[in-house]
Amino acid sequence: MKLSLLKALYIDTLVPFYARSEGENIFYIVLEHLDKKSKIDILLGAETFNVESYQSILEALKQGTPVQYLTQMAPFYNLELFVNPSVLIPRPETEQLVHLVLDENRGAHKKVLDIGTGSGCIALALKNEWKEATISACDISEEALVVARKNASDLALKVDFYQTDILINEIAVYDILVSNPPYISPSEKDAMHINVIENEPHIALFVDDIDPLVFYKRIIQLAEKQRAICYFETSEFYRTSLETWLEEGEYSFEWKADFQGKDRILKVIW
Ligand SMILES: C[S@@+](CC[C@H](N)C(=O)[O-])C[C@H]1O[C@@H](n2cnc3c(N)ncnc32)[C@H](O)[C@@H]1O
């Protein structure tokens, strides 16, 4: 079957679920995954013998499964990471957090802890670009740690992964704490894409409505004892409440804008 026809089928079928441009991008991801082909091959009139595989992936996409879980791959900051439903799919916003940490620290011999590592994306991207750093990473989820360790082994990157509940347990001494913690309150669920709610791990997404800032507060308090600099990804919805809490505690902090100009990266300094 001609790839151009398959592309049209994907875009038309996915219209109820995704914008046309997103449907097109999803097709290119599947094309690369199944046939190692690109846009140019479509223009050149290439065909595939893999029609059934394309159709079964399209069926799963219609059920709402994110394409990254189907291909089991997600690109992140110059890395190709293995992902499965035990981990959050790494997001482009998180690449900006990594970029800032690298920009401000690359070359220095620092000890870094990534808290709530999921696929290991932050820790592994940092190690890949910053060889002098000693990087550890933790998560409460053993299933996520299996994925993170597989990524470290596949990419031959040395990161020490360990299991802990950061809300309960203490940590060793670090120069830098970096985290993209769970920060979505259950009341925000209605505004979220159904694909995310039904497929990605809830432990990675949601916090208690009673205190959505619980992870930020806990990590900053852990950092305070040892004067570790903190870098966080946050939600724009919590900017005001986080700022109020930080000011009340007389913490020094800075906001950094993401690529949409929203203040979503928080740095706490001592
Ligand atoms: C938003 S995800 C971030 C995953 C990854 N760092 C990323 O940026 O894609 C938050 C992570 O925190 C972990 N987590 C949730 N509660 C935790 C806890 N109490 N202690 C440690 N990690 C926790 C989840 O399992 C999840 O992997």
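Visitor: What makes up the shell around the ligand, by class?

Guide: In this predicted model, the shell has 13 nonpolar, seven polar and two charged residues. Gly counts as polar, so Gly116 and Gly118, which are among the residues that come nearest the ligand, fall in the polar class.

Visitor: Which elements give two or more residues to that shell?

Guide: Helix H7, strand S4 (134–139) and helix H10 (202–205) do.

Visitor: What makes the 53 residues a nonpolar core, and which of them touch the most other members?

Guide: Membership takes buried residues of the nonpolar kinds listed for a core, joined through C-beta atoms within 7 Å. Ala125, Leu126, Leu177, Ile219 and Cys230 touch the most other members. Helix H7 (residues 121–129) provides the largest share, six residues. A second, separate core has 12 residues, including Tyr10, Val30, Tyr54 and Val67.

Visitor: Which residues does Leu177 touch, leaving aside those up to four places away in sequence?

Guide: Leu177 touches Leu113, Ile115, Ile219, Ala223, Ala228 and Cys230.

Visitor: How do you know what helix H8 should span?

Guide: The 14 residues of H8 (residues 142–155), at 1.5 Å a residue, should span 20 Å. The end C-alpha atoms of H8 are 20 Å apart, which agrees.

Visitor: Why are the buried residues of H8 said to line one face?

Guide: Ala144, Leu145, Val147, Ala148, Asn151 and Ala152 are buried. Seen down the axis, the buried residues of H8 fall within an arc of 160°, so they line one face of the helix. Glu142 and Ser153, on the other side of H8, are exposed.

Visitor: What covers the buried residues of H8?

Guide: The cover includes strand S2 (79–82), H7, S4 and strand S5 (160–163).

Conventions: Residues are numbered from 1 along each chain as its sequence is written. This is a predicted model: local features need pLDDT of at least 70, side-chain atom pairs count only at pLDDT 80 or more; totals for chains, interfaces and linings use all residues. A residue is buried if 20 or more other C-beta atoms lie within 10 Å of its own, exposed if 12 or fewer, and partly exposed in between; C-beta atoms are placed from the backbone. Helices (H or I, at least four residues) and strands (E, at least two) are DSSP runs, numbered from the N terminus. Two residues are in contact if their C-beta atoms, placed from the backbone, lie within 7 Å. A residue is near a molecule or strand if its C-beta atom, placed from the backbone, lies within 6 Å of it. The expected span of a helix is 1.5 Å times one less than its number of residues. The arc is that of the directions from the helix axis to the C-beta atoms.
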